[in-house]
Amino acid sequence: TIEENIKIEEIEKQIEKEKTDLQNKNIIVLGGKWNSKNRGKVESYIDSKNATVEFIEANKIFRNSEKIANKDIVIFDTSYNSHSAFYKVKSIARNIIYINKSNIDEIKKSL
């Protein structure tokens, strides 16, 4: 089942960290509620850094686990996702960044 506004302890524990270098990275955004306008803003921002971005809906995370495992950066949107998806992604991804709103400002703040 898909749940909204998941509280994840690790998000609260994260302290200010170094900015992530996006040059030539393959990025994937999981879950959330992304409309075409917000997706376009994220794609423009990521493309300007010579990186690629892909979006996967919350209900398609389990079908794409191999694709997720091969990405350089995984952005997990907790605003619309399931706990089981979180644990699955946590077990297969190397570099996970958490956001709690589906917009470009959250991504910029987290990267």
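Asn24 is exposed, with a relative accessible area of 60% (exposed means over 50%, buried under 20% and partly exposed in between, with a 1.4 Å probe and protein chains only). Asn24 is found in the loop between helix 1 (9-13) and strand 2; helices (H or I, at least four residues) and strands (E, at least two) are DSSP runs, numbered from the N terminus. The model is predicted: local features need pLDDT of at least 70 and side-chain atom pairs count only at pLDDT 80 or more, while totals for chains, interfaces and linings use all residues. Residues are numbered from 1 along each chain as its sequence is written, and side-chain values use heavy atoms, with hydrogens and water left out.

Most residues other than glycine have a negative phi. Asn24, although not a glycine, has a positive phi of about 55°. A positive phi, of about 60°, is also found at Asn50, again not a glycine, and Asn50 lies in the loop between helix 2 and strand 3.

Asn81 lies in strand 5 (residues 80-81) and counts as buried, at 0% relative accessibility. The side chain of Asn81 reaches the backbone oxygen of Leu30 at 3.3 Å. A polar atom of the Asn81 side chain also lies 3.2 Å from the backbone oxygen of Asp77. Both are polar contacts (a pair of N or O atoms within 3.5 Å; within protein, one must be able to donate a hydrogen and the other to accept it, and residues adjacent in sequence count only if both atoms are side-chain atoms).

The largest nonpolar core holds 17 residues, of which Ile27, Val42, Ile46 and Leu111 touch the most other members; such a core is a set of buried Ala, Val, Leu, Ile, Met, Phe, Trp, Tyr and Cys residues joined through side-chain atoms within 4.5 Å. Two or more residues each come from strand 2 (26-30), helix 2 (36-47), strand 3 (52-56), strand 4, strand 6 and helix 5 (104-110). Helix 2 gives the largest share, three residues. A second, separate core of 13 residues includes Val74, Phe76, Ala85 and Phe86.

Five aromatic pairs are counted (rings of Phe, Tyr and Trp, its six-membered ring, with centres within 6.5 Å; planes under 30 degrees apart are stacked, over 60 edge-to-face and the rest tilted). Among them, Phe76 and Tyr98 are edge-to-face, at 6.3 Å centre to centre and 75° between the planes. This pair links distant parts of the chain, Phe76 in strand 4 (residues 73-77) and Tyr98 in strand 6 (residues 96-99), 22 residues apart. Both Phe76 and Tyr98 are buried. Phe76, Phe86, Tyr87 and Tyr98 form one aromatic cluster.
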